[in-house]
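Thanks for coming, everyone. Let me put the model on the screen, and then I will walk you through it.

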Amino acid sequence: MKQSPVDVVKLVPPVATQQLRTDIRHGRERADAYGWLRAENWQDVFKDTSVLDPVIRDHLLAENAYQQQVMAGTEALRDTLVAELRGRIKEDDSSVPAPDGEWAYGIAYEAGAEYPRIIRRPRDGSDDDATVILDGAREAADRPYFSIGGVGHSPDHRWLSWSHDDKGSEFYTVSIRDIETGKDLDVRIEDTSGGAVWSARSNGLFYTRLDSNHRPSRVFFHRLGSDPHDDALIYEETDTGFFMGVGKTQSGEFVVIDIHDHETSEAWLIPANNPAAEPRLVAERETAVEYDVDEGDGTLYILTNADGAHDFKIVTAPTDASRRSDWSEYVPHEDGRLILSHMVLKRHLIWMERREGLPRIVVKRLSDGEEHAIAFEEEAYSLGLAGTYEFDTDTIRFTYSSLTTPTQTYDYDVATRQRTLLKTQEVPSGHDPEDYVTRRIFAPALDGELVPISLLYRKDLKLDGTAPCLLYGYGSYGIAIPASFNANALSLVDRGFIWAIAHVRGGKDKGFAWYDAGRRRNKANTFTDFIACADHLVAENYTSYERIVAEGGSAGGMLMGAVANMAPEKFGGIIAVVPFVDVLNTMLDDTLPLTPPEWPEWGNPILSGEDYEVISTYSPYDNVKRQAYPPMLVLAGLTDPRVTYWEPAKWVARLREMKTDDNPVLLRTNMDSGHGGASGRFSKLEEIAYIYAFALKLMGKAA
């Protein structure tokens with residue numbers, strides 16, 4: 001491979017010591033020399049980073065020092081990039097407040113503020129009438145990390161529940177504020193998942209508490225004026241393989257306890273006006289059957305894949321239904337029409353669906369079944385259903401954007417079909433969509449499937465194969481990456497990059513079958529699809545292999561690790577953000593926060609020798625080999641409960657041990673944050689600028 005432009009001639013990377021540990025499963029022995037990087041007290045580290053083993057801390061700090069040395073000389077570029085990125089943000093931006101009864105609620109930023117304010121104004125008032133009910137900047141104070149979780153006002157508009165995490169470990173503390181006085185009550189509900197749901201009478205709230213292994217295992221009800229230690233246990237999930245959350249139907253009539261993994265779900269209902277009532281089962285969980293419940297005027301509307309409805313259908317049932325035999329088909333299943341979500345208003349059913357990879361909103365009038373759709377004409381775009389606080393309304397809110405079109409917020413009258421543009425995202429430094437091209441092309445996969453690629457580039461770019469390309473991919477959990485406006489990407493595109501999104505299998509970009517063809521025993525399709533996208537971009541003369549910088553985060557970071565092992569010669573650089581790369585070891589450890597719920601996605605290598613074999617074929621850490629690798633940038637978060645810090649740390653150590661080239665592998669660990677990186681809206685820009693500077697330097701565009 002051609003020598004990297006990054007100058008590392010005199011720099012020596014840290015070398016992790018090797019402490020060989022062996023593991024035998026299903027008759028196979030594996031050796032792991034870097035398992036010591038996992039702190040024995042990792043649960044404690046999530047809450048207090050000072051208890052991290054000093055030897056591990058010193059290694060991570062040495063890695064941070066090395067990456068700073070390698071990236072020396074890019075400081076001015078990074079400052080320029082931060083200024084550009086910040087220049088595209090309207091610093092005193094605000095949302096269009098959403099009405100609920102006599103009030104409307106929204107968020108607003110002060111110029112220079114890292115965190116938002118939650119505001120309230122009279123329903124028909126103006127911005128001048130707004131009152132700040134929660135000031136994120138004030139609450140953050142001087143904390144190095146601060147993240148606001150769920151925020152929700154009570155039905156009587158007297159109280160505000162809000163949560164925060166100041167470690168990055170996603171253990172949220174819930175506080176309750178008296179909106180009239182602006183003061184919090186003298187109670188703190190610790191170790192929650194962040195969200196809370198008010199009872200109909202506004203006298204208390206439901207929430208989910210995390211156990212010591214970061215699993216949401218119990219739902220409690222907190223009554224105002226009581227001690228949180230006395231909160232009533234409403235439901236406990238004993239199966240560690242399931243996530244659990246609590247929500248509310250659009251009508252406000254029922255609190256919903258939602259229990260699910262990646263392929264199975266179960267819901268329990270509690271009357272919102274009677275928190276003491278026993279939760280009532282909607283339908284018993286059945287492996288590979290998913291369902292999601294909403295309610296309107298005494299009828300349950302259930303989105304489900306039951307009875308072979310792979311792309312989902314909507315059924316109805318009475319509110320006292322307790323089994324699937326009580327369900328009646330309402331919106332039938334159609335192959336290739338994936339229903340993503342639904343909501344019920346008093347007179348209309350609304351759902352989001354995706355056809356041929358593009359989203360649209362469908363409205364069905366309940367009185368007579370008449371339907372119509374909201375769709376757009378661009379080749380690639382993103383649509384979001386923001387919904388509404390209210391039930392007895394004909395107005396919904398949605399957002400639209402594309403790779404060239406900044407986000408537009410609309411109110412839509414589902415009865416009159418009148419669309420009202422409320423706001424267009426401002427780009428203060430300027431943005432002319434006519435200067436750019438957005439396209440959707442299709443790459444032929446190894447088995448003949450066509451993999452969509454969304455593209456953004458300047459209209460004046462010469463497509464002669466010389467342009468650098470940032471190729472982004474994810475491809476897991478059924479998550480589709482939207483072709484939405486990304487103001488940050490313009491800093492690369494305006495410097496001659498092509499911005500590309502590979503909609504590989506493992507997401508639901510082309511329906512449920514697209515997801516199913518990229519998980520468990522089919523996971524290899526995710527990786528070969530991404531490589532096929534790189535091949536197609538080169539074949540169509542958009543770029544060349546050495547000009548492609550691949551990027552992915554979390555499960556997308558696993559994708560980066562896999563393609564680095566499989567086809568390193570087809571990428572000029574790889575960026576892996578909080579990458580899930582130690583897949584086999586993590587799936588073999590059922591004490592980790594996400595392992596049991598993840599088995600439906602990856603397989604259970606503890607019980608299944610076949611699953612073990614499949615995962616062992618692609619797990620990036622286990623498949624590092626003696627070969628040349630492209631330059632790589634790896635980002636981690638010390639308190640990340642989703643992808644623990646030791647996964648990228650171990651991976652980088654093994655890459656250094658095995659690779660045969662002189663290209664740098666950089667590990668940057670954020671010692672004050674978790675999975676999402678820096679928490680403030682401007683501090684995040686520094687991380688983005690760092691990533692972009694790495695890509696620009698690799699492509700010889702750092703000047």
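First, some ground rules. This is a predicted model, so local features need pLDDT of at least 70, side-chain atom pairs count only at pLDDT 80 or more, and totals for chains, interfaces and linings use all residues. Residues are numbered from 1 along each chain as its sequence is written, and side-chain values use heavy atoms, with hydrogens and water left out.

Now the overall picture. The chain has 13 helices and 38 strands. Helices (H or I, at least four residues) and strands (E, at least two) are DSSP runs, numbered from the N terminus. The C-alpha trace spans about 70 × 55 × 50 Å along its principal axes. A compact globule of 703 residues would have a radius of gyration near 27 Å; this chain has 25 Å, which agrees. That radius is taken over C-alpha atoms, and the globule rule is 2.2 Å times the number of residues to the power 0.38. Of the 703 residues, 58% count as buried. Buried means under 20% relative accessible area, exposed means over 50%, and partly exposed is in between, with a 1.4 Å probe and protein chains only.

On to the four-stranded sheet. It is open, with the order β27-β28-β29-β30 and antiparallel pairing. Two strands pair if DSSP finds at least two bridges between them. Which strands stand at the edges? They are β27 (382-387) and β30 (419-424); each has a single partner strand, so one side of each is left without a neighbour in the sheet. Neighbouring strands here are turned by 25° against each other on average, direction ignored. For such angles, axes are lines fitted to C-alpha atoms, for helices over the stretch in contact, and angles run from 0 to 180 degrees between N-to-C directions.

Look at β29 in this sheet. Six bridges join β28 (residues 395-401) to β29 (residues 408-413), and the two run antiparallel. Y400 stands opposite Q408, and F398 stands opposite Y410. A hairpin of six residues connects β28 to β29. On the other pairing, five bridges join β29 to β30, again antiparallel. There, Q408 stands opposite T424. β29 and β30 also form a hairpin, with five residues between them, and R417 in the turn has a positive phi of about 65°. Is β29 enclosed or open to the outside? Five of its six residues are buried, so β29 is largely enclosed by the rest of the structure.

Next, the eight-stranded sheet. It is open and mixed, in the order β31-β32-β34-β33-β35-β36-β37-β38. Its edge strands are β31 (436-444) and β38 (665-670), each pairing on one side only. The twist averages 20° from one strand to the next. Inside this sheet, β33 (residues 469-473) and β34 (residues 498-502) run parallel, joined by five bridges. G473 stands opposite A502 in β34.

A502 also takes us to the cavity, as one of the residues lining it. How many cavities of 30 Å³ or more does the structure hold? One. A cavity is a set of points on a 1 Å grid over the protein atoms alone, where a 1.4 Å probe fits but cannot get out; lining residues have an atom within 4 Å of a point. Points are joined across faces, edges and corners, and the volume is the space filled by probe spheres set on them. The largest cavity holds about 30 Å³ of space. Its lining includes Y474, G475, H503 and D509.

Finally, some single residues. Most residues other than glycine have a negative phi. D307 has a positive phi near 60°. This residue lies in the loop between β20 (299-304) and β21 (313-318), and at 59% relative accessibility D307 counts as exposed. V578 also has a positive phi, of about 35°. V578 lies in the loop between β36 (573-577) and α9 (583-587), but at 7% relative accessibility V578 counts as buried.

One last pair. R86 lies in helix α3 (residues 75-87) and is partly exposed, at 29%. R86 and N488 are 402 residues apart in sequence, yet 8.9 Å apart in space, C-alpha to C-alpha.

Key:
1 Å grid on protein atoms, 1.4 Å probe; cavity = no way out; pocket = protein on both sides within 12 Å on 5 of 7 lines; lining within 4 Å.
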